[in-house]
Amino acid sequence: MPQRLTTGAMGARTRNGATPEYRRIAVFGGVYNNAPALAATLDDVRGRDVDAVFCLGDLGGFGPHPDRVFPLLREQGVLVLQGNYDEALASGRTDCGCGYTDPRDNYFARVSYAYTFSRTSAANRAWLATLPGHRRAQLGAHRVLMCHGSPRVINEFLWESATPDGLLRTFLRERHADVMLCTHTGIKWDRSLDGAGRVVNVGVIGRPENDGTPAVWYTLLTATPDVEVQFVPVRYDHEALAREMEREGLPVEFAETIRTGWWTTCLENLPAKERARGRF
Amino acid sequence: MKRPLPVLVEETVGAPVAPFLRFTALWIQITGTWCNLECTHCLNASGPKEPWLPVMEAAAVRRAIGEADALGVKEVYFTGGEPFLHREILPLLSESLRVAPTTVLTNGTVMTPAIADDLARLAAAARYSLEIRVSLDDVDPALNDRVRGPGAWARAVHAIRLLHDRGLLPIVTATELLSGEHPSAPGTYDRFRDFLRSLGITKPRVKVMPVFALGRLEAGATAKLDEAALAGFDRGLLQCADSRIVADGGVYACPILAGLPAARLSDGGLAQAFRPAALYHPTCVTCHQTGMSCRNA
């Protein structure tokens, strides 16, 4: 049986008997069926002296063999919350609820969801239904709120160049949090709000982040008087994954992204600044 | 001149309502219905003559941006009329970009190299994205100009090139108005993407809007939403559930109904307009049926 990475929430101290308290945590989003990247991420985390590992949802989509990621997460004690993909699979919806509006984005989203839906076991779909929509933790003195898209909408895109400080302050104030962690967009960022809190999009480990390298990213957060945020790149056998995607008949555009690190699909909802940085 | 908020607008009596769930988008009807073009399908019958909805004062725009910032707005849109006819459009875009990602909807026909340079400078200096949406109704000049007026196609395409050359990645906004003119060709979306690629644009961005029975196309549209039609429908998906529109004289529920008394929700305060909106207009049927949003994505 694989060694668990951490003692998880059970080993964490609690304050007022409710919110688990940690000193250092690892957080990632968007596994997207990418079991090799998940395994490499968990291997990397093992040497980082963390108290708990969190996944902010979207286990499926994009990659091959959806059922392969579930045992890795469960056996190694990762604390998972529900993303839009997980919610859709759990409830038997006919689309992923990704939140795209563009026809080309939606075409590839449908291909990906149909593949994942037909290959995710009933038992794993039932497990997805048990996941919470949000998680809270204490990181040192800081109240941490974790969500998938945003605290208000599971599939809301919080891009770095399209998410105002005023909105983030409102989220933190209304949700009584000092630090907010989200994912969903696929590109990481970190923002300090001049004493009003900290918001981190932790990125995803399922596909590269449109920067021309095949690496994927997760985030380490450490309690200091402030909160220290470290983005960690993870390399894995992406070529083997790309070949497997091709064998499974997934779109060649998906495999190209895995190999090159440039997004080829689901580009149309990128804001101008993020779109300008990519190749396509 | 400040117009009093009507206590009861007959058109809304008995109409179903959409809840107000969250404040996502602020729309600013900056030039009212003042436009240099007079398109046959214009949603709010804008044109070059005396606008029926006046141009906004810059101070009112600034107040709205400040209030929206305090209320946690996510994105700001400038529309009209033609926004680039407003003498303070560039400083106002700059101020908006200090607060939130900002989009401006233009017909592109008054774009100049100097304005495009200014926009590129604004975009580069801002932490948030600046989006420029350029309206075009067909890739064929003659068909487009039949709708938008002589010379409109050439000037809009010139604007697209000016913006593209400066790295601004314009979003070309098309309607389905002329799709019937291309029965054997690809759909509107693919036709526009192919056209933009033919111009050398490597990252073509296209948004297709349905045609609304509104403005100059309003005559004859009578169907309205009722509770039966909305049964089982999530009204939170409607744009009026998370957007508000500031125009001269008030705050409205919908970008394409701005200026109409029955769509007015407050005399000027944004927060006072955070209340349910009546789905009273025939155009609400189009939103319900198509799931469309005027937002970029």
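Modeller: A residue is buried if 20 or more other C-beta atoms lie within 10 Å of its own. The model is predicted.

Colleague: Is L169(B) buried or exposed?

Modeller: L169(B) sits in the loop between helix 5 and strand 6 (171-175) of chain B. Its phi is positive, about 50 degrees, although L169(B) is not a glycine. Within 10 Å there are 23 other C-beta atoms, so L169(B) is buried.

Colleague: What is the phi of C266(A)?

Modeller: C266(A) belongs to the loop between helix 9 and helix 10 (272-277) of chain A. C266(A) counts as buried because 25 other C-beta atoms lie within 10 Å. Most residues other than glycine have a negative phi. C266(A) has a positive phi, near 55 degrees.

Colleague: Which residues does a cis peptide bond join?

Modeller: Most peptide bonds are trans. In chain B, the loop between strand 3 and helix 2 contains G81(B). With omega at about 15 degrees, the cis bond joins G80(B) and G81(B).

Colleague: How are helix 8 of chain A and helix 9 of chain A oriented to each other, roughly parallel or roughly antiparallel?

Modeller: Helix 8 (residues 238-247) and helix 9 (residues 252-260) of chain A pack with their axes 9 Å apart, at an angle of about 175 degrees. Residues in the contact include L241(A) and M245(A) of helix 8 of chain A, and F254(A) and I258(A) of helix 9 of chain A. By class, this contact of helix 8 with helix 9 of chain A has six nonpolar, one polar and three charged residues. Angles over 145 degrees count as roughly antiparallel, so helix 8 and helix 9 of chain A are roughly antiparallel.

Colleague: How is helix 4 of chain B set against helix 5 of chain B, roughly perpendicular or roughly parallel?

Modeller: Helix 4 (residues 141-148) and helix 5 (residues 152-165) of chain B pack at about 105 degrees, with axes 8 Å apart. The contact is made by P141(B), N144(B), D145(B) and R148(B) of helix 4 of chain B and by A152(B), W153(B) and A154(B) of helix 5 of chain B. Four of these contact residues are nonpolar, one is polar and two are charged. The range of 65 to 115 degrees counts as roughly perpendicular, so helix 4 of chain B and helix 5 of chain B are roughly perpendicular.

Colleague: Which are the edge strands of the open sheet of five strands in chain A?

Modeller: The strand order in this sheet is 5-4-3-11-12, with mixed pairing. Strand 4 (residues 52-55) of chain A pairs with strand 5 of chain A in the parallel sense over two bridges, and C55(A) has V80(A) as its bridge partner. Helix 2 (residues 35-46) of chain A packs on the sheet, with a direction about 135 degrees from that of strand 12 of chain A. Pairing on one side only marks the edge strands, strand 5 (79-80) and strand 12 (227-234) of chain A.

Colleague: Which residue stands opposite I28(B) in strand 8 of chain B?

Modeller: Chain B has an open sheet of nine strands in the order 7-6-5-4-3-2-8-9-10, with mixed pairing. Within this order, strand 2 (residues 25-29) and strand 8 (residues 243-247) of chain B pair in the parallel sense over four bridges. Opposite I28(B) stands V246(B).

Colleague: What phi does D194(A) take in the hairpin of strand 9 and strand 10 of chain A?

Modeller: Strand 9 (residues 189-192) and strand 10 (residues 198-201) of chain A run antiparallel and are joined by four bridges. S192(A) stands opposite R198(A). With five residues between the strands of the hairpin, D194(A) takes a positive phi near 45 degrees.

Colleague: How many residues of chain B and of chain A are in contact?

Modeller: Helix 1 (58-70) and strand 5 (130-135) of chain B each supply at least two residues of the side of chain B that touches chain A. That side has 11 nonpolar, four polar and eight charged residues. The contact involves 23 residues of chain B and 18 residues of chain A.

How values were computed: Residues are numbered from 1 along each chain as its sequence is written. Chains are lettered from A and ligands numbered from 1 in the order in which they are written. This is a predicted model: local features need pLDDT of at least 70, side-chain atom pairs count only at pLDDT 80 or more; totals for chains, interfaces and linings use all residues. Two residues are in contact if their C-beta atoms, placed from the backbone, lie within 7 Å. Ala, Val, Leu, Ile, Met, Phe, Trp, Tyr, Cys and Pro count as nonpolar, Asp, Glu, Lys and Arg as charged, and the others, Gly among them, as polar. Two strands pair if DSSP finds at least two bridges between them. Axes are lines fitted to C-alpha atoms, for helices over the stretch in contact, and angles run from 0 to 180 degrees between N-to-C directions. Angles under 35 degrees count as roughly parallel, over 145 as roughly antiparallel, 65 to 115 as roughly perpendicular and the rest as oblique. A residue is buried if 20 or more other C-beta atoms lie within 10 Å of its own, exposed if 12 or fewer, and partly exposed in between; C-beta atoms are placed from the backbone.
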